[in-house]
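Hello,

Here is the structure I promised to pass on. Please open it alongside this message.

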Amino acid sequence: HHHPRRRRPRRRLRALRLVPQGVDELEAQLMPRTGPSWLRPLQRGLMQLSRAAPSVRRDVFVPTGCHLLLTRLCDAFPEHQLTLADFRYWSPEGAPRPSGGPPAVNAPVVQSQSETGGETRDWNGDYLAGPFGEADVMFATSFEALGKLYAHASGGRSGATVSTADFMQRHARLEATTTASGYNPLLKDFVNQAFFVTGEDGG
């Protein structure tokens, strides 16, 4: 559902503002929210320094399938209300590196299981290297970019991004999922997931 940036489709590139500044913003949005806050400005600074080198090529995976889905949805059901959930980022260890090169913006995590099922192999984000039909190719979602794509597909309508905890506080039966110790996985787990909502919930 994602493809590296090429000449087409230009509409999606314009909707995401994938000029160099827009790519910088997309990359920052997909950075993990975990770890000490003082480290994140340093990480961004290091990324900017690496991008300044003219020999470094930056690959960008563009959510073309997502834009197509939203466009078809808005055309077929103009009065829809939408609720989407996905991962905002993956492991804080760093961005996947397709083909072992520099980190690609919005690159997937590509993994497969051994034949015995007891071992997971990571393919460093290279979706062409994993065994055909057997590897899981998993993209995180930039919800900021999703909002731009939705506005473009719907003719200017807006949505809202909320954390899993906020969404569950509003809609879940928390008393049914709270443990004897007071721990509730709906509120404490899934910190790297979020919801995108439209209609009454999305404003």
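Below is what I found in it.

Please keep in mind that this is a predicted model. The chain has 203 residues, and 33% of them are buried. Seven helices and eight strands make up its secondary structure. The accessible surface is about 12700 Å². Carbon and sulfur atoms contribute 54% of that surface.

Contacts across the sequence come next. Take the contacts with a separation of 6 or more: 72% of them join residues 24 or more positions apart.

Now the sheet. Three strands form an open sheet in the order β3-β8-β7. The pairing is antiparallel. Strands β3 (83–87) and β7 (160–163) are at the edges. Each has a single partner strand, so one side of each has no neighbour in the sheet. On average, neighbouring strands here are turned by 25° against each other, direction ignored.

The β3 and β8 pairing is worth a look on screen. β8 covers residues 193–197 and runs antiparallel to β3, with five bridges joining the two. To find one of the residue pairs, go to F87: its bridge partner in β8 is Q193.

Helix α5, residues 143–154, lies across β3, β7 and β8. The angle between α5 and β8 is about 15°. Helix α6, residues 164–171, also lies across β3, β7 and β8. It runs at about 90° to β7.

Best wishes

Terms used
Residues are numbered from 1 along each chain as its sequence is written. This is a predicted model: local features need pLDDT of at least 70, side-chain atom pairs count only at pLDDT 80 or more; totals for chains, interfaces and linings use all residues. Side-chain values use heavy atoms; hydrogens and water are left out. Two strands pair if DSSP finds at least two bridges between them. Helices (H or I, at least four residues) and strands (E, at least two) are DSSP runs, numbered from the N terminus. Axes are lines fitted to C-alpha atoms, for helices over the stretch in contact, and angles run from 0 to 180 degrees between N-to-C directions. Contact means heavy atoms within 4.5 Å. Buried means under 20% relative accessible area, exposed over 50%, partly exposed in between (1.4 Å probe, protein chains only). Accessible areas come from the Shrake-Rupley method with a 1.4 Å probe; for residues, only the protein chains shown count as cover.
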